[in-house]
Amino acid sequence: EPGAAFPANLFTPGPLDLRAILVLEPAALWVAEAYDAERQAPLEDGRTAVELRTADTGWIPSFTARLGGTAAVAAPAELRTATLAWLQEAAANYRPA
């Protein structure tokens, strides 16, 4: 049981937080709970849009990659573009033999 010395939630939202919207496949829906999604909205195609708050979005491109195609950045546009560039750079390291 977390006590006063160790909070139950390690992330404390603040007024300067950035927001990111990810679209998750059902297999990645655990992200919403694990990262305390601010909002969730089921989509018609069975996926779920979630809004995450973070002090810095720099971790999101590599995090998306680790989710193996079960998550995509929807917004903001700058983060979506940065994530796509990160993924393309990573994929370039795996040229066919």
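Helices here are DSSP runs of H or I with at least four residues, strands are E runs of at least two, and both get their numbers from the N terminus. Keep in mind that this is a predicted model.

**The overall layout**

With that settled, the chain has 3 helices and 4 strands, and from the N terminus on they come in the order β-α-β-β-α-β-α. The chain counts 97 residues, 30% of them buried. Its accessible surface is about 6,700 Å², with 57% of that belonging to carbon and sulfur atoms. As for contacts between residues at least 6 apart in sequence, 58% join residues at least 24 apart.

**Backbone spots to check**

Where does Pro76 lie? Pro76 sits in the loop between strand S4 (71–75) and helix H3 (77–92), and the peptide bond joining Ala75 to Pro76 is cis, with omega at about 0°.

Asp36 is the other one to look at: its phi is near 45°, a positive value in a residue that isn't glycine. You'll find Asp36 in the loop between helix H1 (30–34) and strand S2 (39–42).

Trp30 belongs to helix H1. Leaving out residues up to four places away in sequence, Trp30 touches Tyr35, Phe63 and Leu67.

| Residue | Relative accessible area | Class |
|---|---|---|
| Trp30 | 45% | partly exposed |
| Asp36 | 39% | partly exposed |

Why are they in that class? Buried means under 20% and exposed means over 50%, with partly exposed in between, so Trp30 at 45% is partly exposed, and so is Asp36 at 39%.

Key:
Residues numbered from 1 in each chain as written. Predicted model: local features only at pLDDT ≥ 70, side-chain atom pairs only at ≥ 80, totals over all residues. Heavy atoms only, no water. Buried < 20%, exposed > 50% of the residue type's maximum accessible area, 1.4 Å probe, protein only. Contact = heavy atoms within 4.5 Å. Areas by Shrake-Rupley, 256 points an atom, 1.4 Å probe, with all protein chains shown as cover.
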